[in-house]
Amino acid sequence: MFFRPRLLDAFNGYNRTLFTKDVLAGLSVGIVALPLAMAFAIASGLKPEAGIFTAIIAGGLISLLGGSRVQIGGPAGAFIVIVYGIVERYGVPNLLLATAMSGVFLFLMGVFRLGTLVRFIPIAVIIGFTNGIAFLIGLSQIKDFFGLQIEKMPAQFFQSVHTLYLAADTFNPIALGLACGSLALLVFWKIFQSRLGWLSHLPGTVVAMVLATIVTSALNLPVDTIGSRFGGIPSGLPSFEWLPVSWDSAQYMVAPALTLALLGAIESLLCARIADGLIHDRHESNQELMAQGIANFTIPFFGGMPATGTIARTVTNVESGATTPIAGLVHPVTLLLIVLFAAPLAKNIPLASLAAILMYVAWNMGEWRKFIDLKQFRLPYRVTILSVFTLTVVLDLTIAVQVGLLLAFITFIYRISSLSRCEIALSSDFPGLSNQHGRIDAYRIHGAIFFGAVKLLEKIETNLPSHTLLLDLKNVIYIDTSGMDTIMELAHLCKIRNIRLLICGLAHQPLEMAERSDFISMLPPESFYPDLISGIEAATA
């Protein structure tokens, strides 16, 4: 079917035991999602409830309509840098518009079956911008981690560093101690979680947030909290509101929306592939993109932020025993219940603790070992990954991905063209060519004849024989339009010089290309032979 969520296939053989596992997994993920959703929203320049509403509404839609059995959707760390830049430059209303537009783009990507194309993005590009985003997330949390008195952080890298430098003398030692304690607890919990007995089922992020909140409340610590900065979070879902749409705004949001859509597609499908490996299943990528599109188109009408698949929560879901999208639907219900009954308690959550959580998330998000292992890779790989990382940090993710794809494209073209080769057939291998050099020459071509390798045929033009030219294309796997044009130019040149051209071994895709371009009709029927030996026999007869 064109549109078939995996939820429809979840009930084959479903029983009470599986339902219990899904419910328990959903409860675990809902608890884990609470601090992350708030932290992601705050780091993006939004109110904490924007992240919670996104996890509830968009996360529910992604599980309800998605193409993965266990993927959990919601606000993600990868979006922080992009969202913060859009908010600072265009404002929150235009962020909502860009998010809705990205939803349309994502849905269309799924409709036109483009899900598999995302897999063609080179791993060097993905690692480069992922590490760049992780670095920027960590940089953005220095303000709250140290309790610096900064009214508003700029989105640009150099301005951010300059602003942090100017405010260095305003750091709050209590906030720093609270953040360091939270970060130490997270690291400790990760290392010793398997030895903590029944406590090992509690997520470290929730434990760190709860303990920091208790300490802040009990000692009345002078640090920024969700209550002091945002006035707390509402104890209910937002109402539906139409977006103020105008062409003047929409035309400027196309590029940010495409960035959000591309990043959302990459993150969600990478996450789905990781989930597939954990449960030994295979997701439907186009269905997942359509679900992501619907979720991102819907959430702006409720004041939310962009959503995608989230690796940490998905892994938690699988490790907690989830088997179907039911767990993903329990997760937003859990968050909703927390919002309805525990919202007043959130006002005492210290922002320093949330900053520590995001620092921890950013560190785990980046693949830093790849930088250590760079010397093991070829120079083009190193240039690509470092260029994308640097451009993501210093300039913009969109520019970084464009440059990265361009570098990867140039590298690919160079490597493929270097694999193609043209060799003159030797008389020692083909006795029929003995004493014929300069009069009858045969060339054997290997690989692909495309725009990056047409120089192989251009070299033949400078050494044409006087009587007959044979081209052995048996080992040619692909010919593009540029390659076919070059062959036709060679044929035209041979005709002008009254040189007989024989084509040998033309088959499969090269034959189809020759037929489509009318190359077959250009030459006499006796110009085509199944192999080089029969062609040589015809040339020397």
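G447 stands opposite V476 in strand 5, where strands are DSSP runs of E with at least two residues, and helices are runs of H or I with at least four, both numbered from the N terminus. Strand 4 (residues 440-449) and strand 5 (residues 468-479) pair in the parallel sense over nine bridges; two strands pair if DSSP finds at least two bridges between them. The model is predicted, so local features need pLDDT of at least 70 and side-chain atom pairs count only at pLDDT 80 or more, while totals for chains, interfaces and linings use all residues. Residues are numbered from 1 along each chain as its sequence is written, and side-chain values use heavy atoms, with hydrogens and water left out.

**Strands and crossovers**

- Strand 5 also pairs with strand 6 (residues 500-504), in the parallel sense and over five bridges.
- L471 has I503 in strand 6 as its bridge partner.
- A right-handed β-α-β unit is made by strand 4, helix 19 (residues 455-461) and strand 5; right-handed means that, with the strands pointing away from the viewer, the path from the first strand over the helix to the second runs clockwise.
- Strand 5, helix 20 (residues 481-496) and strand 6 make a right-handed β-α-β unit.

**Largest pocket**

- The largest pocket holds about 1400 Å³ of space, a volume being the space filled by probe spheres set on grid points joined across faces, edges and corners.
- A pocket is an open set of points on a 1 Å grid over the protein atoms alone, where a 1.4 Å probe fits, with protein on both sides within 12 Å along at least five of seven lines; lining residues have an atom within 4 Å of a point.
- Its lining has 38 residues, and I311, A312, R313, V315 and T316 lie nearest the centre of the pocket.
- Helix 13 gives the most to this lining, with six residues.

**Second largest pocket**

- About 1100 Å³ of space lies in the second largest pocket.
- This pocket is lined by 43 residues, of which V81, Y84, G85, E88 and A155 lie nearest its centre.
- Helix 3 (residues 80-90) supplies the largest share of the lining, nine residues.

**G67**

- G67 lies in the loop between helix 2 (48-65) and strand 1 (73-74).
- G67 is buried, with a relative accessible area of 0%; buried means under 20%, exposed over 50% and partly exposed in between, with a 1.4 Å probe and protein chains only.
- The C-alpha atoms of G67 and R4 are 7.8 Å apart, though 63 residues separate them along the chain.
- Not counting residues up to four places away in sequence, G67 touches R6, H283, E284, Q287 and E288, contact meaning heavy atoms within 4.5 Å.
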